[in-house]
Amino acid sequence: MDKNFLVIENISKSFGEYKVLENINLNISKSEFFGLLGSSGSGKTTLLRILGGFEKPDTGKVILDGVDITNLEPFDRPLNYMFQSYALFPHLNVFNNLAFGIREKFNKSEIETKVHNISELLSIDNLLNRQIKQLSGGEQQRVALGRCLIKKPKLLLLDEPLAALDKKLRSKTQLELT
């Protein structure tokens, strides 16, 4: 197995005088399920934001599948980031939230198939016509996860992805993510 799919090399990040990350080094293999654990304020989300391109490190590099992505914009990175706040589009229904990231690459029939498949996988196929404000927290979380998974990214970054799911769905979703 390739030990260098994701390389985090000497990453440091400060906000003013507050050093959040200092000299972080990790090698993560392809298809590896990797979790960051730590107390609130320990830098987990900051590291995810650096990997996603939403923050720039003060020092260090991020290399994904042999390509240095440290200075690429978020939309140019072959990854998806599911924010803790879900970042769903409130003016779009569930179907259109799921389809949003694939509209330019697929025709209508392919989009419908992909949306159906991902919504079925996440048990939200009965919610496709609902507005986001009509969903529970767990349902919104599944829509956000579906929006990330539908694009089949090389790397999926999840910030507390299963927190709002009930026990049964959390177990099912954990199996699907591995």
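Colleague: Where does N23 lie?

Modeller: N23 lies in strand β2. Strands are DSSP runs of E of at least two residues, helices are runs of H or I of at least four, and both are numbered from the N terminus. This is a predicted model, with residues numbered from 1 along each chain as its sequence is written. Local features need pLDDT of at least 70, side-chain atom pairs count only at pLDDT 80 or more, totals for chains, interfaces and linings use all residues, and side-chain values use heavy atoms, without hydrogens or water.

Colleague: What is the phi of N23 near?

Modeller: It is near 55°, a positive value in a residue other than glycine.

Colleague: Why is N23 called partly exposed?

Modeller: Buried means under 20% relative accessible area, exposed means over 50%, and partly exposed is in between (1.4 Å probe, protein chains only). N23 has 45% relative accessibility, so it counts as partly exposed.

Colleague: And which value makes D65 partly exposed?

Modeller: Its relative accessible area is 32%, so D65 gets that label. D65 sits in the loop between β3 and β4 (67–68). Its phi is near 55°, again a positive value in a residue other than glycine.

Colleague: Now the rings. How many aromatic pairs does a search of the whole structure find?

Modeller: It finds 2. Rings of Phe, Tyr and Trp (its six-membered ring) pair if their centres lie within 6.5 Å; planes under 30 degrees apart count as stacked, over 60 as edge-to-face, and the rest as tilted.

Colleague: What makes the pair of F54 and Y81 edge-to-face?

Modeller: The centres are 5.7 Å apart, and the angle between the planes is 85°. That angle is over 60, so the pair is edge-to-face. It links distant parts of the chain: F54 is in the loop between α1 (44–52) and β3 (59–64), and Y81 is in strand β5 (residues 79–82), 27 residues apart. Y81 is buried at 8% relative accessible area, whereas F54 is partly exposed at 34%.

Colleague: Why is the pair of F89 and F100 called tilted?

Modeller: The distance is 4.5 Å centre to centre, with 50° between the planes. F89 lies in the loop between β5 and α2 (94–99), and F100 in the loop between α2 and α3 (108–121), so the pair ties together parts 11 residues apart in sequence. Both are partly exposed: F89 at 25%, F100 at 47%.

Colleague: Which residues of the largest nonpolar core touch the most other members?

Modeller: Of its 22 residues, these are M82, V94, L98, V115, I124 and V143. α2, α3 and α4 (137–149) each supply at least two residues of this core. α4 gives the most, with 4 residues. Another core, of 18 residues, lies apart from it and includes F5, I11, V20 and L64. A nonpolar core is a set of buried Ala, Val, Leu, Ile, Met, Phe, Trp, Tyr and Cys residues joined through side-chain atoms within 4.5 Å.

Colleague: What is V94 in contact with, leaving aside its neighbours within four places in sequence?

Modeller: Contact means heavy atoms within 4.5 Å. V94 is in contact with I124, L127, L128, R130, I132, L135 and V143.

Colleague: Which residues of α1 are buried?

Modeller: They are T46, L47, L48, I50, L51 and G52. Their cover includes β1 (6–15), β2 (18–28), β3, β5 and β6 (155–158). Just after α1, G53 takes a positive phi of about 90°.
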